Amino acid sequence: MSDVIKLLPDHVANQIAAGEVVQRPASVVKELLENSIDAGATQIQLVVRDAGKTLVQVIDNGNGMSSTDLRMSFERHATSKISSADDLFNLHTKGFRGEALASVAAVAQVSVKSKREEDDLGSELEIEGSKVLRQEPVVTSKGTMVSVRNLFYNIPARRKFLKSDQVELRNITDEFHRVAMVHPDVSMSFTHNDTPLFTLQPGNHRQRIVAIMGAKTNEKLVPVEEETELMNIKGFIGKPEFARKTRGLQYFFVNGRFIKHNYLHHAVSSAFEGLLKDKANPSYFLYFEVPPDTVDINIHPTKTEVKFDDEHSLYAILRATVKHALGQFSVNSIDFNQEQQYDVPYDLAKRGIAAVPKIEVDPDFNPFQETSPKPGSGSRAKNFSSTNPQPWEALYTDLEPDTSRLTDETDRDGRTGELFDQQEGEQRHIFQLQRKFIISALQSGLLVINQQRAHERILYEKLLRQLTVQNGVSQQLLFPIKLNLPQEEVEILKHLQADLEHTGFLFKSLEHNVVEMEGLPLELKEKDVPQVIDAIVSNEQQQLPEQRYSSVDSLAQSIASGMSIKTGEQLSGEAMHHMVDELFACKEPTLTAAGKKIFIKLSGDQLNSKFD
Ligand code: ADP
Ligand code: MG
């Protein structure tokens, strides 16, 4: 039998290697932007067509390349950034593997123009499926322009695997944000199909975050700063009251690079403990600086996960720092006009605050053990946690059984004494418990209804009807409501626009970072609009990309859950009667759309058995 092992032809080997680096248009965007940053650019333009499937182009005013370097840059493992393995552990640049350009050129049609300051002429190179087609001198300005066309043109199977334009564009936008947020000093723009999406002027971190996330973000940010030997932390956390269910406003950067880190995420979340509403996620934009040799970054080309040497200590530092920042914010909000305080730029705002107590790190700190406040960990932080120790819902559990309130209410209704005195045939008796349950007497026992779930079911069936027959009724607003949202959320709403209008929303505009509404569904109160929009968007984000923008049912669910009366809301007797009637007129009064129990019945027998 003849030998069977063959060497793969070069172009196939290159394509396979490329698969590691280039998974989608967004990967190309990331690599090109990082190269421009490494080349010292102060201006970077990103130009994209068809969500990057036809064109990804990055134009920078960085150092540029000589014609020889330009040719070399497409060789695998060609890099100007390291020359020995030791350099690997002391990196301050983004790239170093020298793989990106070679990989991109293996799976796309690439052309590059580049010129250094000192050269009169630049050089232009065209390369396609790893084959150099031509290279010649060209008149161009200092810097580099890389154009990547028809990604995966030579691997139809990979091209087919790309997601819809919305999904790919969202990935690109994410990469653009991640680079832009760590390089606020670089002027950056992003254009898609000739529409400018972002034009970011140079500024500080705060200005950059606000430019990306929308003007309203400014008032929501609390500055964070801490310097320790192991790690310096700078950045911002979102004020707890603005926390939303939406994921995605969580950014860690280590030494100028976006990372994901579940363990450190836990550190931040646990610092917020007790301050957030139901299932809301804290937002944060945190920049860590650690000595480069204490973190293992970039061993996999596209990985955003990293490993730190001393994660336990970092956890403790981060948690304490965030708690401290939250505590500081709380004191300020009592002592000063908080809006003023936090609308001024970070540097100025800091001057108004007395010296920041140093944080002590407990080396025995165990993050998984419930902590009691550490002595000396900053009086502000302590004050804050002692006044707000409980999760939000716990605010109400202490009130029970609050008979005084019941009596007050029934007094007003002139029905004192009747509550526990059932008389057959009378209007049913009803009262609210813990601002969570509606309790009603049945002839045969007791009915306990979860108010939030009941209302959700009622709204859900109503919305579903409107969506199906497309006849939602709208209340016109005298003054349109304007919301500032991250652009990708506006995009999501745009895709849902037709369906949303069937429920009664009327949009005046859905542009960039701004949503303007001039009509709302009948029962939606203006003050609840932000939370309803948040519920809609976060619900869409949580779905698999393939299922997005499709299901009327899930849209009805998310609007219903955003609009519904919540646990903690006090209800009048009339409102409760009305709700019970509406609930039992529903097709399915027993379960929420998500399959949760809406009420329980306690029969007379069950009650009797408790008294045995
Ligand atoms: P790496 O960034 O890991 O070094 P790349 O394949 O991304 O590898 O790039 C190879 C080399 O090409 C870089 O080391 C750099 O010298 C050069 N290069 C790439 N893009 C640019 C650019 N925009 N401006 C100047 N030089 C660049
Ligand atoms: Mg690179």
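Predicted model: local features only at pLDDT ≥ 70, side-chain atom pairs only at ≥ 80, totals over all residues.
Local features are reported only at pLDDT of at least 70, and side-chain atom pairs only at pLDDT 80 or more. Residues are numbered from 1 along each chain as its sequence is written, and side-chain values use heavy atoms, with hydrogens and water left out.

A search of the whole structure finds 20 salt bridges, a salt bridge being a side-chain nitrogen of Lys or Arg within 4 Å of a carboxyl oxygen of Asp or Glu. One of them joins K30 and E34, with the closest N and O atoms 3.8 Å apart. These residues are 4 apart in helix 2 (residues 25-38), so about one helical turn separates them; helices are DSSP runs of H or I with at least four residues, and strands are runs of E with at least two, numbered from the N terminus. K30 and E34 are both buried (buried means under 20% relative accessible area, exposed over 50%, partly exposed in between, with a 1.4 Å probe and protein chains only).

A salt bridge also links R134 and E136 (2.6 Å, N to O). R134 is partly exposed at 28% relative accessible area, and E136 is partly exposed at 38%. Together with E124 and E126, these two residues form a network of salt bridges.

E523 and K462 form a further salt bridge, their closest N and O atoms being 2.8 Å apart. E523 lies in the loop between strand 21 (514-521) and helix 17 (529-542), and K462 in helix 15 (residues 451-469), so the pair ties together parts 61 residues apart in sequence.

Definitions and conventions
Chains lettered and ligands numbered in written order.
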